[in-house]
Amino acid sequence: MNILEITGSPHKHGCSNYLMEQFTAGAKKAGHEITRVDAAFVNVHPCIGCDHCESGLHPCIYKDDMVEIYEKLKAADAVVYSTPLYYHAPSAQLMALIDRYHGIDNLIRNTGKRSVLLVTGGNPDPTFMDGIKQWYATTLRYLGWEKAGELYVHGCTTPENLENTESARKAYELGLTIGEK
Ligand SMILES: Cc1cc2nc3c(=O)[nH]c(=O)nc-3n(C[C@H](O)[C@H](O)[C@H](O)COP(=O)(O)O)c2cc1C
């Protein structure tokens with residue numbers, strides 16, 4: 001399986017990246033091909049809603065790193081996200097990239113892709129994850145992609161909070177099993 005990983009944190013060695021690394025270890029063990037994009041470190045202009053693209057009929061007006069990411073998206077059998085929770089939602093860095101899906105919407109919707117979401121939030125109250133859970137469910141429904149797993153870890157402010165935890169094991173397990181039906 002060809003897996004595209006997209007991270008959303010500006011912290012290269014932070015909590016959500018730690019979960020993605022566990023996922024990657026599991027996915028590599030299962031023999032999958034991994035491509036990774038770090039949304040916080042690419043040049044992706046926010047979508048301005050000009051609709052020149054007509055959702056995939058014409059190229060986006062911005063010739064930035066998204067040109068290459070579009071090809072990776074189209075080629076992926078699965079798209080896996082990791083993000084810190086920012087104001088009860090995915091980070092702005094990740095959302096800027098996902099908003100640009102609009103440029104090729106009609107080329108990636110209902111294409112049988114699978115998806116996983118890994119989230120870490122600092123607040124110990126698990127209900128702070130309610131919004132992002134709803135966002136993910138609705139986004140997958142819109143894209144017509146299949147949910148292959150989701151992991152929401154609250155009360156996490158440093159990666160040390162995740163070492164040797166059930167959450168780390170779950171992230172690894174999601175990587176190991178993403179190709180299974
Ligand atoms: C701008 C900003 C907004 C945040 N908003 C929330 C929030 O709404 N709920 C929460 O639980 N934690 C919030 N946090 C804390 C982070 O989600 C948490 O520390 C996360 O695990 C950091 O992940 P990272 O190390 O991968 O960047 C916020 C942090 C920042 C910097």
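Among the elements covering the buried residues of α2 are β1 (2–7), β2 (33–38), β3 (78–84), α3 (92–99) and α4 (105–108). Helices (H or I, at least four residues) and strands (E, at least two) are DSSP runs, numbered from the N terminus.

A quick note on the source: this is a predicted model, where local features need pLDDT of at least 70, side-chain atom pairs count only at pLDDT 80 or more, and totals for chains, interfaces and linings use all residues. Residues are numbered from 1 along each chain as its sequence is written.

Helix α2 spans residues 66–75, and its buried residues include Met 66, Ile 69 and Leu 73. Look down the axis of α2 and the buried residues sit within an arc of 55°, so they line one face of the helix. That arc is taken from the directions from the helix axis to the C-beta atoms. On the other side, Val 67, Glu 68, Glu 71 and Ala 75 are exposed.

Buried here means 20 or more other C-beta atoms within 10 Å of a residue's own, exposed means 12 or fewer, and partly exposed is in between, with C-beta atoms placed from the backbone.

## His 88

Now for the loop between β3 and α3, where His 88 lies. His 88 is partly exposed, because 15 other C-beta atoms are within 10 Å.

Leaving aside neighbours within four places in sequence, His 88 is in contact with Phe 128, Gly 131 and Ile 132 (contact: C-beta atoms, placed from the backbone, within 7 Å). The C-alpha atoms of His 88 and Thr 127 are separated by 9.5 Å.

Note on methods:
Contact = placed C-beta atoms within 7 Å.
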